[in-house]
Amino acid sequence: MANQEDIFKKVISHAKEYGYIFPSSEIYDGLSAVYDYAQNGVELKKNLREYWWKAMVQLHENIVGIDAAIFMHPTTWKASGHVDAFNDPLIDNKDSKKRYRADTLVEDYVAKIEDKIEKEVAKAQKRFGEAFDKEQFLSTNPKVIEYKERAEAILHRLGKSLEREDLADVKALIEELEIVCPISGTKNWTEVKQFNLMFGTKLGATSEGAMDLYLRPETAQGIFVNFSNVQKTGRMKIPFGIAQTGKAFRNEIVARQFIFRMREFEQMEMQFFIKPGTQQEWYDHWKKTRLAWHLSLGLGAENYRFHDHEKLAHYADAACDIEFRFPFGFKELEGIHSRTDFDLSNHEKYSGKKLQYFDPDENRSYVPYVLETSVGLDRLFLAIFSHSLQEEALEGGETRTVLRLPFVLAPTKVAVLPLVKKDGLPEIALDIFNDLRFDFNVAYDEKDAVGRRYRRQDAVGTPFCITVDHQTKEDNTVTIRHRDTMEQQRVPISALRELILKEVDMNQWLRKLRLEN
Ligand code: GAP
């Protein structure tokens, strides 16, 4: 079986070969941790954004969307706490001269302990077969309990040290765990230092008159500063939400793992404004609702888990991540944060403007509390793309590469293929292509043998292939081939649209999501 590193390499090369993601400015040898979305990638990303937007905005009568500017008044970032507290702890290895996030070094160490637990589970599963009870094993096996306690103790200490800004203790922990630099293999570390992640830039034509700005490190602040504008013009009543998708920028110390951690990325965030004191109820609600959204994409419940934060961000009183099983292990996909009244109160303080809500039921004004859901679009893309890419063994020793994207997200929904490039078949195929393209993205392909064309569409993730053959000329029927099963059905041309729509239409997926929750 291929190891995780090989699988991940395959994901990256497939993304490039099939027009999903290119390194940025590749002709100049690229730019570290910056990527461009290619012709298929942009469609998949757009579909993901739309699926999120419809589920969050269109289907919630009390959530509206905005699109705020990337540039914001610099005081925004003072008020939000980002100037003072948006730091990562960094550490350098003196021998390799490589820079790391100190907390990530410790977390990677803990991930290895978690791998050991998974190995124990796999071993026991093999030994006990059908009778295996995983929950019982996890809570009673002495070795597993020891691993779990050790992992928890390390994370707890890391969380507490970071909270106290005790960077000397973070270094002490790295030394006690005997963590070595993956490049030099040595423990020759510098002290741990704080590093602010915001990118600075200047606004204005002359150097004297220029204003120092930051590229926004989260989209959330564009929502907070517009709280009153939206509430008043939209006549919104609490509880209500404001959603936004857009670019965010962070000067990550270690940007790596392809599009998992980038310096320029896109977030899809929703701030839900609530009555103070109701935050626990809404925290539970949004955890459940967001997990259900992820699960609706059909990648399997076993690939998601919640992870409660030990170290809370400067604005939160409770926070957790929805983690996904990436090819390099379980990692954060989305954050659910109870942000209290931190942001609105601070913007009130710094701007001198009231950011309050008059509650007619209580006949008083207050600064609302906020429940935030925040998912990285690129990270979501990686989760879905890497999970969907599969090598499948076929009968006769052959293998096929298939990108089993959820149909609703696939860039191209159907490919129309004439069996041969003659006998009037391309003309019929083009008629079908020109008709269906009003409903979905359709590809037309007449080059190479039909088997090779099927493989090409499998690899790019197209759910259906329609083949026009000689029988089509006699009875106006075609074959429709299903990507996942490779089964073919003969159907009348007139039935194609409905048949495909039933499977790929976003509205159907949203209805199902709503019905199940
Ligand atoms: N407004 C809250 C906020 O920004 P966060 O946990 O820092 O919270 C939210 O970020 C989500 O944004 C993460 O769960 C992740 O999906 C995505 N994200 C954060 N940093 C990223 C990066 N450097 N590259 C790609 N995605 C990132």
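Predicted model: local features only at pLDDT ≥ 70, side-chain atom pairs only at ≥ 80, totals over all residues.

Me: Why does Lys-54 count as buried?

Reply: Lys-54 has a relative accessibility of 18%, and buried means under 20%, so Lys-54 counts as buried. Lys-54 lies in helix α2, residues 41-58. Leaving aside neighbours within four places in sequence, Lys-54 is in contact with Leu-59, Met-506, Asn-507 and Leu-510.

Me: What makes Glu-146 count as exposed?

Reply: The cut-off for exposed is over 50%, and Glu-146 has 55% relative accessibility, so Glu-146 counts as exposed. Glu-146 is found in helix α7. Together with Glu-149, Glu-152, Asp-308 and Glu-310, Glu-146 belongs to a patch of negative charge on the surface. Helix α7 gives the largest share of this patch, three residues.

Me: Why is the pair of Glu-43 and Lys-46 called a salt bridge?

Reply: Their closest N and O atoms are 3.6 Å apart, and the cut-off is within 4 Å, so the pair forms a salt bridge. Both residues lie in helix α2, three residues apart, about one turn of the helix. Glu-43 is partly exposed at 21%, and Lys-46 is partly exposed at 38%.

Me: What parts does the pair of Arg-49 and Glu-266 tie together?

Reply: Arg-49 and Glu-266 form a salt bridge, with the closest N and O atoms 2.8 Å apart. Arg-49 lies in helix α2 and Glu-266 in strand β10, so the pair ties together parts that are 217 residues apart in sequence. At 25%, Arg-49 is partly exposed, whereas Glu-266, at 7%, counts as buried.

Me: How do you know that Glu-392 and Arg-404 meet in a salt bridge?

Reply: The N to O distance is 2.2 Å, to be set against a cut-off of 4 Å. Glu-392 lies in strand β17, and Arg-404 lies in the loop between β18 and β19, twelve residues apart. Glu-392 has a relative accessible area of 18%, so Glu-392 is buried. Arg-404 has 25% and is partly exposed. Both belong to a network of salt bridges that includes Arg-400, Arg-455 and Asp-458. A search of the whole structure finds 43 salt bridges.

Technical notes:
Residues numbered from 1 in each chain as written. Heavy atoms only, no water. Patch = residues over 30% accessible without salt bridge, like charges linked within 9 Å, V, L, I, M, F, W, Y side chains within 5 Å. Areas by Shrake-Rupley, 256 points an atom, 1.4 Å probe, with all protein chains shown as cover. Salt bridge = Lys/Arg side-chain N within 4 Å of Asp/Glu carboxyl O. Lys, Arg positive; Asp, Glu negative; His and termini not counted. Charge placed at Lys NZ, Arg CZ, Asp CG, Glu CD. Helix = DSSP H or I, 4+ residues; strand = E, 2+ residues; numbered from the N terminus. Buried < 20%, exposed > 50% of the residue type's maximum accessible area, 1.4 Å probe, protein only. Contact = heavy atoms within 4.5 Å.
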